[in-house]
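Here is a short report on helix packing and model confidence. Please look at the structure first.

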Amino acid sequence: MLYQVELRPSAKPVLPEGGDSAAKYRAGPMVRQRNAPRNAGRAPQVPAGQSDNRPVEARRPMALEASLFVLIVALPLAFFPQSRDAFLDVKILLLAGGTLLMWVAGLPIDRRIALPAFVWAAVVVLAALAGVDPVESLIGTVRGSGLVLLLCTAALVAMAPSLPEGLLDRARRWLVWTGLIVAAVAVLYRLAPEVLEPLARRVPFIGSTLGNPVRVAALLAACIPAILADKRWRWTGVAALALIGLGLASAEERSAYLLPVVAVAASAWFLRPGWRRIAIATGVIASALMLWALAPAAAVSNAPTDRFTAVGQFQTLEGERQRLAVYEIDVRAFARRPALGWGPANTWSGFLSSGSTGQIERAGRNWADAHNLVLELAVVSGAIGLAAFGWLVWRLAPRTLRPPPGRRWAAASAVALLAFALIEPLDVVLTPLLFLLAGAAAGRSAEVGAEVTDEARHDPARIAVAGRVVTATVLVAATLLATVNLGASALEQWGHSHAESNWALRAATDMAPWRLTAHEALALSLAVDGRGGDEAAAAEAREVVDGVVERHPLNPGVRLLAADVELLLRNFPATQAWIRDQLATFPNDSVTVPAAEPGLTLPG
């Protein structure tokens with residue numbers, strides 16, 4: 001028999017009669033915030049040993065819904081052509097703003113998940129302060145893998161278990177529509193790129209709105225469980241899978257073939273949709289991949305030079321040899337700074353400082369990420385950070401792997417994103433989405449937990465308030481930092497795209513001193529003017545690079561920037577001196593000191 005409780009704020013709860021089954025409904029209807037004064041300002045108490053089954057409700061549900069929309073729809077789709085990196089800087093701002101909005105919504109916090117998440121966040125901050133380049137750790141100029149990304153990720157996984165199932169199901173539909181848009185843009189870029197020109201003329205959509213084809217494959221794979229979880233399975237689901245399959249194929253990456261296998265397997269395990277639906281999904285996606293691979297070159301106007309790029313990647317082990325070399329080097333980097341690591345966004349420094357000459361030659365010198373979530377966290381936050389992260393996983397994983405029925409799709413999508421995170425870099429879209437979905441899957445249907453007494457809440461309540469205030473302050477600071485970063489990026493892009501715009505580059509460096517790309521652009525622009533006879537510009541260019549080297553002494557690129565500046569200024573002995581300094585700092589780097597002047601810029 002199903003018992004229903006009529007939700008009337010002023011009505012007395014209707015309880016079923018008799019037996020232990022009555023305990024399920026003991027809490028009665030939803031207790032809203034406006035009823036708190038009846039309890040002397042406290043949340044209603046539940047006697048020890050009894051469950052509190054009140055539905056979880058945010059204090060500001062509209063803010064919660066808006067935050068999920070920002071994180072699931074706006075974050076993957078947003079791009080800003082007027083910034084230096086159209087697919088990065090605006091996404092960092094949306095990530096910070098969306099996380100802050102969810103925090104403001106006032107979701108209850110699952111302390112079993114929140115405590116290790118916040119401990120991990122605190123260790124990451126300590127790692128940044130103790131790292132080799134704290135300024136670079138703020139955001140991470142090139143990849144955005146700095147503090148803003150990691151702190152927002154920690155906050156999201158702490159809040160996600162309390163997401164209501166109804167809103168989570170709406171988020172599932174949003175994720176599907178986002179994936180379909182990403183897939184459509186990826187396919188259009190390959191088949192008819194001129195259609196996308198009105199959106200942004202200078203922006204290449206080879207990675208759709210995510211900036212990289214591998215990220216496209218990961219997001220689309222995460223959409224597969226969301227499609228299969230739809231209870232109203234119709235032809236629209238088949239059509240959606242077909243477009244997702246074409247989007248995967250257009251990525252022309254091995255991941256586009258591997259990640260869907262993980263996604264379908266995870267869907268079969270968690271969702272149990274039936275063999276027929278799984279067979280249809282497998283057949284539709286496989287057919288789309290095969291159709292794209294067998295299509296004639298003339299049918300794909302914007303295809304890679306090698307039409308069988310993805311298939312060809314399976315025929316060589318070069319990528320695996322490079323990754324093994326990267327893993328070996330990063331393990332050595334972890335061993336060199338075992339306590340708190342090199343600091344967020346400083347993996348490149350650890351990589352070039354720790355690799356042997358042969359390893360760096362085999363892997364290449366420009367690996368700024370370990371391409372493995374666990375190893376990356378070990379390098380940037382050391383054993384202490386890895387232990388804190390392990391505590392979070394120990395608390396989170398058992399619940400994520402045993403989700404309630406309404407949250408199983410989130411667990412399956414999280415598994416697909418985890419497969420990506422174990423072989424690819426941290427990402428400003430996919431890494432937070434992984435932890436958001438994993439945390440959401442760890443939630444419990446209308447279950448807050450109990451064993452709360454009046455005597456036991458007083459001091460923990462103060463700690464919780466203090467934690468909320470600190471977290472809100474950190475997220476506000478991250479949002480402001482991301483806003484300033486986007487403004488500086490826009491100024492930097494203006495300086496790149498307009499003549500005689502050194503003023504914009506100066507403004508960008510003053511506004512965001514951590515943006516190495518802005519300093520690089522300003523130094524090179526001034527060096528060009530100095531090459532033309534402007535001695536003041538030449539002196540300023542040298543001043544800029546000297547300051548950058550002083551503030552970022554272990555950055556592998558700043559001394560080579562200084563060498564380029566001296567080369568532009570026709571001071572070849574100074575160029576050689578900077579390269580010798582580079583090799584003194586990174587003895588096994590693959591660059592060499594040129595014996596004769598090579599030209600305007602140095603190789604590598």
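In which hand does α12 pass α15? The crossing is left-handed (the near helix is turned anticlockwise from the far one by less than a right angle; clockwise would be right-handed).

This is a predicted model, where local features need pLDDT of at least 70, side-chain atom pairs count only at pLDDT 80 or more, and totals for chains, interfaces and linings use all residues. Residues are numbered from 1 along each chain as its sequence is written, and side-chain values use heavy atoms, with hydrogens and water left out.

| Helix pair | Axes within | Crossing angle |
|---|---|---|
| α12 (residues 318-336), α15 (residues 373-400) | 9 Å | roughly 15 degrees |
| α6 (residues 165-191), α7 (residues 213-228) | 9 Å | roughly 140 degrees |

The angle makes α12 roughly parallel to α15 (under 35 degrees; over 145 is roughly antiparallel, 65 to 115 roughly perpendicular, the rest oblique). Contact means heavy atoms within 4.5 Å. Tyr327, Asp330, Val331, Ala333 and Phe334 in α12 meet Leu375, Ala378, Val379, Gly382 and Ala383 in α15. This contact holds eight nonpolar residues, one polar and one charged.

α6 and α7 are oblique to each other. Their crossing is left-handed. The contact includes Arg172, Leu175 and Val176 of α6 and Val216, Leu219 and Leu220 of α7. Its residues divide into 12 nonpolar, one polar and one charged.

The chain averages a pLDDT of 85 (the predictor's confidence in each residue, from 0 to 100). Of the residues, 83% score at least 70. Over residues 1-55 the pLDDT is below 50. Residues 446-459 stay under 50.

Note on methods: Axes are lines fitted to C-alpha atoms, for helices over the stretch in contact, and angles run from 0 to 180 degrees between N-to-C directions. Helices (H or I, at least four residues) and strands (E, at least two) are DSSP runs, numbered from the N terminus. Ala, Val, Leu, Ile, Met, Phe, Trp, Tyr, Cys and Pro count as nonpolar, Asp, Glu, Lys and Arg as charged, and the others, Gly among them, as polar.
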